[in-house]
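These are my notebook entries on one protein model. I recorded what I looked up and in what order.

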Amino acid sequence: MALTGKTAIVTGSAQGIGFAIAQTMAEQGAAVGIFDINEAKAEEAARSLGEKGFRAISGFVDVSKVDSLRNMVEKTVQELGWLDILVNNAGILHSTPILEVTEEEWDKVMAINLKSVFFASQQALPYLKERKNPRIINISSLAGRMGGFETGMGYTASKGGVISLTYGLARQLAPYGITVNAVCPGTTRTPIIDQWSPEQIAGLTARIPLGKLGEPRNVGSAVAYLASDEAEFITGLLMDVNGGMYFG
């Protein structure tokens with residue numbers, strides 16, 4: 001699954017699943033752009049890859065803002081030469097009970113988790129369509145597939161929206177040779193689940209047939225495959241990486 005000669009952007013990649021994706025693709029030979037709202041942490045992540053001999057750049061992005069997404073794409077092309085792969089990973093989790101969700105919280109989740117996927121893809125499109133075997137890979141969620149267990153409705157709805165966008169983009173971008181797929185992780189051991197109690201995490205783990213939480217590298221491996229030339233005839237796929245929590 002070599003990605004030698006490819007250039008990728010991974011949003012929200014300063015840590016957790018995003019960094020695992022960037023690292024896995026770098027190990028496969030890709031040059032990666034690590035973009036995050038935490039610019040200092042993104043710089044640290046890119047530096048760590050550079051120290052291992054990989055080519056990586058970093059930058060700030062607020063994925064809820066179209067201008068920021070445009071700057072991210074332009075910076076990548078300017079510094080790395082081109083763009084082959086866009087991974088829409090950035091997202092936030094919320095688990096607010098239905099009666100307590102505010103309009104402000106709902107809008108924030110939608111802007112970061114869903115709006116960003118469309119507009120990042122839009123901004124990347126002029127560059128992707130000029131490349132051979134270009135890719136868009138979206139990170140959805142188990143919750144978007146079946147409603148979730150502990151997640152708030154804003155998160156669930158936004159990740160369901162990512163799935164619909166994946167289908168629509170796959171169909172409409174196929175004439176350009178761009179494949180569009182989504183990875184749907186189950187409960188994964190990342191900082192994002194720190195807001196859940198040990199009891200909630202234990203309850204979720206008990207629902208996983210394989211009996212353990214997912215690891216970020218599991219998602220990284222799935223994304224690297226979908227980014228590879230071996231996946232050239234796969235588009236509109238939802239790849240479940242959840243230890244058997246859901247069979248789609």
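Entry 1: I note that the model is predicted. Are the two partners buried or exposed? Asp 229 counts as partly exposed, because its relative accessibility is 35%. Lys 6 is buried, with a relative accessible area of 13%; the cut-off for buried is under 20%.

**Entry 2: the other salt bridges I followed.** I noted the general principle that side chains of opposite charge can pair when their charged atoms come close. The count for this model comes to six salt bridges. One of them joins the side chains of Asp 240 and Arg 145, at 2.9 Å from N to O. Asp 240 lies in strand S7 and Arg 145 in helix H5 (residues 142-146), so the pair ties together parts that are 95 residues apart in sequence. Asp 240 is partly exposed at 27% relative accessibility, and Arg 145 is partly exposed at 22%.

I then turned to Asp 67 and Arg 70, whose side chains meet in a salt bridge at 2.6 Å from N to O. How far apart are they in helix H3 (residues 66-80)? They are three residues apart, which means that about one helical turn separates them. Asp 67 is exposed, with a relative accessible area of 51%, whereas Arg 70 counts as partly exposed at 30%.

**Entry 3: strand S4 and its neighbours.** I examined strand S4 (residues 85-88), where Ile 85 and Val 87 point one way and Leu 86 and Asn 88 the other way; all are buried. Strand S1 (residues 7-11) pairs with S4 in the parallel sense over three bridges, and Val 10 has Val 87 in S4 as its bridge partner. S4 also pairs with strand S5 (residues 135-139) in the parallel sense, over four bridges. Here Leu 86 stands opposite Ile 136 in S5. I traced the chain from S4 through H4 to S5 and recorded this β-α-β crossover as right-handed.

**Entry 4: a nonpolar surface patch.** Which residues form a nonpolar patch on the surface? I found Ile 98, Leu 99, Trp 106 and Met 153, with about 480 Å² of accessible area together. Trp 106 is found in helix H4 (residues 103-128) and is partly exposed, with a relative accessible area of 33%.

Conventions:
Residues are numbered from 1 along each chain as its sequence is written. This is a predicted model: local features need pLDDT of at least 70, side-chain atom pairs count only at pLDDT 80 or more; totals for chains, interfaces and linings use all residues. Side-chain values use heavy atoms; hydrogens and water are left out. Patches are made of residues with over 30% relative accessible area and no salt bridge: like charges are joined within 9 Å, nonpolar side chains (Val, Leu, Ile, Met, Phe, Trp, Tyr) within 5 Å. Accessible areas come from the Shrake-Rupley method with a 1.4 Å probe; for residues, only the protein chains shown count as cover. A salt bridge is a side-chain nitrogen of Lys or Arg within 4 Å of a carboxyl oxygen of Asp or Glu. Helices (H or I, at least four residues) and strands (E, at least two) are DSSP runs, numbered from the N terminus. Buried means under 20% relative accessible area, exposed over 50%, partly exposed in between (1.4 Å probe, protein chains only). Two strands pair if DSSP finds at least two bridges between them. A crossover is right-handed if, with the strands pointing away from the viewer, the path from the first strand over the helix to the second runs clockwise.
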